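Subject: Structure handover

Hello,

Here is the structure I promised to pass on. Please open it alongside this note. My findings follow below.

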Amino acid sequence: MPGHSEDHRVTISYGRKVLLTTSATVHSIEILSGGKLVIADTNRPILLRTKHILIGNKGELHIGSPDCPYKGNLTILLFGSVTEPLLVRFDTYRSKNESYRLAKYVDGTKPGLILAMLVNDEGSNNLEDSAKKSISRLGSKHIRSLGFRHPWTFIVTKGDVSSVVEDTAVYQGRNLSVCLCFFVSSEAEWSNWFDRDDERGSGDWEKLSDLHKAYPDRLCSSPLDIQAETHDGIPSNQTGDVIHKKDKDYGFVCLNKDQTHGLCHNYRVRFLCGKLVRPQASVSIDMMSNSSILELADHPAGWGPGDRVVVASTDYSMHQAEEFTLLPCPTCASNQLKVRGKANFIHMGEEVDGVDMRAEVGLLSRNILLRGEMEPGCYGNEACKFFNFDTFGGHLKVEHGFRAVHISGMELQHMGQQTMGHYPVHFHMNGDVDERGGYDPPTFVSDLSIHHSFSRCVTIHGSNGLMVKDVVGYDTLGHCFFTEDGPEERNTFEHCLGLMVRAGTLLPSDRDSKMCRDITDGAYPGYVPNPRQDCSATSTFWIANPNNNLINCAAAGSEVSCHFLISQPFPTPPTSPVSPGGALSHYHIAGMILDNGVKTTEANNKDKRPFLSLIGARSDPVTNTLYEKSHPTQSLHNQQQKTDFNYMNLLTLSVCSGGTFPDDDGSRQQVKNSLFVGESDNRGMPLPDKRMWGPGGPDLTDRTLPRGIDFPIRGMQIYDGPINVQDCTFRKYTALEGRHTSAFGFRLNNSWQSCPNNNVTNITFDHVPITSRVFFGEPGPWFSKMQMDGDKTTVFHDIDGSVSEYPGAFLVKEDNWLLRHPDCIDVPDWKGAICSGHYAQVGQQPTTESFTHTLNWGQKGMYTSLQPGPTWSSSWTVDWWQSNPAGTQNHKDGPSYTKMNDWINVGLCYPQGTNFTILSDIHNRLTKQTRKTGVFMRTTQKDKINHSHLARGYYYWEEDTGLLFLKVKAHNHRETFAFCSVKGCERVKITAIIPKGSPPSNCLAKAYPKHAELPVVDVPMPRKIPTARLVSNEIKMIPTPHYFPVELALFIVGEYGGQTLKCIKTLQFSSRTLCEHPTCTPLMSLLLVSSGFSADKLAFVGFKGSFHPDWVYLEVDSERAKIHQVLPVPVIHKMKL
């Protein structure tokens, strides 16, 4: 094995030109100083085995050219180990310790490894008995009898003595090598079983030469091993027969004359052939005896018999992708392929529900193969906690300063490593690689197959203008197509396919939940991982800068997301608008995420998360030429057919704004002209455990389910904002009792408030029941307790009424009391209400870190800031959950998403004895400059706060209740989608001096009912669309055992005209229950009973009839009861899970 020697380092330099015409094994190749290596295009396969190839300083490597593509068969095999080389030398001549080391090494190798040993110079005189015993146990018969300088070779599969191949000879004066080599079992595969002869006649003769004649295309010429067994599967060494000969080069012979019983068993044989094991599978379309026909959309030019293809899953599980080997098919049409075998899974081959659901087919084979040589199991690094296979593959890296790089027509297998910077294809810190960088023709990567690899597919780091076209990425770890740090621009991914993208260990965003919990390197002490927030974003396409292009690509299966588009405020170390243009995606937990960024600071006491953990997308505007104006808007257009978002996901699309306090002011996210399909006619197929199989879709037929059987499938998930959804169609979203499927939904377990500027226009529903258009959430599985601020403040504006059929209305959560008023219309199936109003947000942010708060209906805040969106031109009070810290405490209030002259009165709760200094200012987020605009003076008249103006405002301190009252007003114009005004963010800064030892400032008991006010309808409810589907229905009722002591009873008929109920009778009661009254309520009628407190507080007592009216919402406690108006929608019976 000359290539395993330091003496066989090949350097081609100083203008030397080398033509490689035959296979070779060398330690390494360096092409420098004008040297050139050209691979000959011959009709003989070439195998080049080396640790690495380095091309630098004007060196050149040529494998074909654009004008003369390479047509031969080339394999470049990269070998190496994460811990030590596969070739191990033991100098037993010089040291006895080497014999002990050899014995330990041999005994420690795993069964199944192929060991090859040979002697260099002298290996017998000083070889200790411990080493001889270890090698003898492997099956060697000559190791104990080796003479001085006797050549000796020995090959064995450890654990199988019958596999021994051993030879020795008398020394003739030549020097040989001493080495121990491992040949991984995955480098070979067993042939089929052969039985040419039987036991009749002289015996069973299975000679290799005879088998070659009988099966010329099914057997290799130089087998590595042989196995023989009976047709019952009994190995030849266990049958009791005397075997005449069993040799890999000769074959197998059993003679009848050697047997005591006179007759051999009938044996079959197979041979181990030195070639790659290439998995085979097939697809079931037009089944034949053991083959299938694939009909493709395009002509597969250049695909031929023996090539391997992968067919993508068309079900929820990406693991249903299958590999196939192509067969000759003279009768096939130009767009047809014949493949071996039958499919294990269903693969769709047609358009379904307006979406092209045909399975993608990717060609894996190329005539130029770059492959890493692997060991059979994981070893030597932390990755072994998560993977049972070797993850130390080869890698191809292009660094700054190259003259030209054009990579095309290559297959890469077993490439990449679970270590930073080692990927199958890696462009590293190259700057501009197109015409801007002086490259003509521009740098490109095309027609590649990257599969069964261990870290990404194509990585672009600090490089711009790279064309990546016609690349198949299959079965890899971590983000597949990856732009790394954020400054990468003008790169184009065109007609690329990614599938089977699994979690990896490199970055938090690569990791799954287990990896996230186990890998905490770089975290601050005390960090507790939250996998859902910090990690879990494995994506087929990870695009870290909007100024890149994604054209006609397909993401056909990853652990989490198909496309993850982030917008960084600045590049992540060490580096100092996405144009989707048609991107098909499916079979991910989330189809496309326009949300989140990554943490660009090291872990610290304030934020213990590791560097590059996932965070909310908080983007600052930047002014450098690389990034300026790069992300004011993220837009998606014309996403239908081959460009639909996705159609088989738990969550189709999740979008949010620039962040909690978006610094890229004026940014927004839009989704236009797109088709969302929830549960299509692609029903999948049940797997053996059937855990993800159950009813669904409009027809309620059994189908594959995405996650849990009760997981709430949502088409559009609204979070934060502002977000606009326009001219979109939602198809086949049907809720069941126990599964809250909906076209529009909201982020689960959301701690941040929604923007009231979120809006939808011209929405079309197809096979979506009215009850499934929207769902705001309810306590229970997946939704948890619904007690977080974001859970309670969800809202969006139905501009044209295409969702609610009330044009201009706002859809709010049913218990969002910041937005509700008496005329709001409840929709119980949505757990929401249809309201009208003038809504905006007011930001509240205490600057003392230990001081956290929320509005008094929410949870204990995870944020030290609050940004609710209440009804404006009204008054609100705010109470804190925790004690106010003693000393100076700053608190900022400011309007956001408001119009000029919008105002809101707020009452903030503080301990008695607190002193205040209050001023107003404008903060420019772009320049980071703040300008004082006015001061607030204390007044003893509460009403005077309404006379505030820009330069002078007034605050009223009501010490007996602990409330500080002031008016917050927007004095400047704001552009349509801007968070703040054109002059900056208008703020009110309160500096409070809190007495030491002050108790928690809970003002509720003293402030109410003193400051209680009933909500008013400042914006009238819009009129319902006359031709709307939400028609009134007959009220149906059922008796109930609910009794209430009353003074006045109202009997009302079940005729609901859409506006009023008709009162037909009034009866007096004392303390008798209703059913005791002689004039019992008529059938199909509703009984309302006054509680005796006030006319607008009614107790819901009972029904009569056969149906429970689920449209009624009753608010009741020990002192009051009230029925809220509800939206009368058609009764839709939901199937129970």
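I start with one residue. His 740 is buried, with a relative accessible area of 16%. Buried means under 20% relative accessible area, exposed means over 50%, and partly exposed lies in between (1.4 Å probe, protein chains only).

Before going on, two notes on the basis. This is a predicted model, in which local features need pLDDT of at least 70 and side-chain atom pairs count only at pLDDT 80 or more, while totals for chains, interfaces and linings use all residues. Residues are numbered from 1 along each chain as its sequence is written, and side-chain values use heavy atoms, with hydrogens and water left out.

**Around His 740**

His 740 sits in the loop between β54 (729-731) and β55 (742-746). Strands here are DSSP runs of E with at least two residues, helices are runs of H or I with at least four, and both are numbered from the N terminus. The His 740 side chain makes a polar contact with the side chain of Glu 778, at 2.9 Å. A polar contact is a pair of N or O atoms within 3.5 Å; within protein, one must be able to donate a hydrogen and the other to accept it, and residues adjacent in sequence count only if both atoms are side-chain atoms. Leaving out residues up to four places away in sequence, His 740 touches Pro 712, Ile 713, Ala 735, Phe 775, Glu 778 and Phe 783. Contact means heavy atoms within 4.5 Å.

**The whole chain**

The protein chain has seven helices and 76 strands. It holds 1137 residues, and 54% of them are buried. Its accessible surface comes to about 49300 Å², with 51% belonging to carbon and sulfur atoms. That area comes from the Shrake-Rupley method with a 1.4 Å probe; for residues, only the protein chains shown count as cover.

**Cores and their strands**

The largest nonpolar core has 48 residues. Such a core is a set of buried Ala, Val, Leu, Ile, Met, Phe, Trp, Tyr and Cys residues joined through side-chain atoms within 4.5 Å. Leu 448, Val 471 and Phe 493 have the most contacts inside the largest core. A second, separate core has 31 residues, including Tyr 733, Phe 796, Ala 809 and Trp 830.

Look next at strand β34 (residues 467-477). Eight of its 11 residues are buried, so β34 is largely enclosed by the rest of the structure. Strand β32 (residues 444-451) runs parallel to β34 and is joined to it by seven bridges. Two strands pair if DSSP finds at least two bridges between them. Ile 450 stands opposite Gly 473 in β34. Strand β37 (residues 497-502) is also parallel to β34, with five bridges. There, Val 472 faces Leu 497. Three bridges join β34 to strand β36 (residues 492-494), again in parallel.

Strand β59 (residues 809-813) is mostly covered, with five of its five residues buried. It pairs with strand β58 (residues 795-798) in the antiparallel sense over four bridges. Strand β61 (residues 832-835) is antiparallel to β59 too, and four bridges join them. Leu 811 in β59 stands opposite Phe 796 and opposite Ile 834 in β61.

**A three-stranded sheet**

Which strands form the open sheet? The order is β1-β4-β7, with parallel pairing. β1 (9-12) and β7 (53-55) stand at the edges with a single partner strand each, so one side of each lacks a neighbour in the sheet. Strand β4 (residues 28-31) pairs with β7 over three bridges. Glu 30 stands opposite Leu 54 in β7.

Best wishes
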